[in-house]
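Some notes on the model follow, point by point. Please read them with the structure open.

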Amino acid sequence: MADFDYDLFVLGAGSGGTRASRVAAAHGARVAVAEEYRVGGTCVIRGCVPKKLLVYGAHFAEDLRDAAHFGWDVPTPCAFSWTRLRDNVLREVDRIEGAYTQTLNSKGVTILPQRAVVTGPNSVRLADGSTVTAERILVAVGAHPAIPECPGHEHGITSNEVFHLDALPRRILIAGGGYIANEFAGIFNQLGSQVILANRSNDILRGYDQQIRDRLLQIAMTKGIDFRFNAAFHGIDKGEDGCLTVHLANHDPVVVDQVLFATGRRPNTHGLGLESAGVELDELGAVKVDEDNRSTCPSIFAVGDVTNRIQLTPVAIREGQAFADTFYGNQPTRVDYGCVPSAVFSHPPMAGVGLTEAEARQQLGSVKVYSSDFRPMKNVLADRNERALYKMVCDGVTDRVVGIHMIGPDVPEILQAAAVAVKAGLTKADFDATVALHPSMAEELVLLK
């Protein structure tokens, strides 16, 4: 056998790379992981975790306004400190990064805090100039925010920088129509910023059920978010006062204090040296892999967002686990990409699993849809006219539940359990046979008409 420095060398200590590293090491492999930024990757450092903490902070704006209806005397206006929230969130990020690092160290994984590039099927070169060899190489470097190529784009920021703002912008324009754009639109709107969401098409959140998307749009507009559709970027001018004038197609220019680009993400493969080992990339730069996460080079594998399959943290973790169990644990495992639940932590949040109504009608033909459009109990007492909507999509022939889609308070928490039922292939009759848990919003799932 060839003499390698390591059994496994991992590029990137994000969700997928960290899971693969520690599990492979637990199976007895000699593992090293190179990370040029911070252990934890996008999700922990500048993604899901700090974003969700900001979402929690933003929800207090509505909760404090509602509190009077529940007997609490809250000062009006109620003071808010962006820097306190920001610093507390960043402190929690530091704590989690430390926990990730400790976990890798406890499993005997060597952490190399520097960039590594591939130089061949079994070798990488580190930023310090040294070369390391490994029997297998795992690429888990994730993705980065895409920025429109328009004049003045350097005046905008991305989700990488938004967590470090010195002050809450009074006026912010968010470019994009996906989950990152809509989540930050909700966050800044609740914290008191004037928010414009500009999208180059006339749709938001493609891939989610149309009715659920329409409900979010309706509620978001009621909350004061200004949507500009068919609004491709033409350019940004920065004035002497620091204000930004944004030029959009089909719309008048707008003046704001901050521009946030949330226009998709691209795999971090540029300059990684993968071509030196014969690794093929797709048109977006993603690593092409098979069902076992193997690239076109037999000794090089890839997991997570760098493969551009499903860009979700739990998927990257599953892929990293499957890779490590398959090649180091003698437990051949492949990830099942069917019925993956997902959520948008907007205000209110939305979540879905399985086929949308449109997808079901296209694939199955015969479809039955059950729904509940209701005002949550808390909203009623708070005198807030904001309605939740739950939908269940069923195969019209077999009665099998093929999709559940929801918008309303706490729906991501509810959907996680419901996703198990969809994954298991349960029927509408199975839901109907389950006694409702009252009073709860979740009980609507077993009372749908």
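1. Cys-78 is partly exposed, at 40% relative accessible area. This is a predicted model, and the structure holds 0 disulfides. For Cys-243, the closest cysteine sulfur is that of Cys-150, 18 Å away, which is too far for a bond; a disulfide would need the two sulfur atoms within 2.5 Å. Cys-243 is also buried, with a relative accessible area of 16%.

2. Surface patch. Phe-70, Trp-72 and Leu-381 make a nonpolar surface patch of about 360 Å². Phe-70 sits in the loop between helix H3 (48-66) and helix H4 (82-106). Its relative accessibility is 38%, so Phe-70 counts as partly exposed.

3. Cis peptide bonds. Most peptide bonds are trans. The bond joining His-347 and Pro-348 is cis, with omega about 0°. Pro-348 lies in the loop between strand E18 (342-344) and strand E19 (350-354). A cis peptide bond also joins His-438 and Pro-439, with omega about -10°. Pro-439 is in the segment after helix H11 (428-432).

4. Positive phi. Most residues other than glycine have a negative phi. Cys-339, which is not a glycine, has a positive phi of about 55°. Cys-339 is placed in the loop between helix H7 (313-328) and E18, and is partly exposed at 29% relative accessible area. Asp-383, not a glycine either, has a positive phi of about 60°. Asp-383 is found in the loop between helix H9 (377-381) and strand E21 (388-395). With 60% relative accessibility, Asp-383 counts as exposed.

Note on methods. Residues are numbered from 1 along each chain as its sequence is written. This is a predicted model: local features need pLDDT of at least 70, side-chain atom pairs count only at pLDDT 80 or more; totals for chains, interfaces and linings use all residues. Side-chain values use heavy atoms; hydrogens and water are left out. Patches are made of residues with over 30% relative accessible area and no salt bridge: like charges are joined within 9 Å, nonpolar side chains (Val, Leu, Ile, Met, Phe, Trp, Tyr) within 5 Å. Accessible areas come from the Shrake-Rupley method with a 1.4 Å probe; for residues, only the protein chains shown count as cover. A salt bridge is a side-chain nitrogen of Lys or Arg within 4 Å of a carboxyl oxygen of Asp or Glu. Helices (H or I, at least four residues) and strands (E, at least two) are DSSP runs, numbered from the N terminus. Buried means under 20% relative accessible area, exposed over 50%, partly exposed in between (1.4 Å probe, protein chains only).
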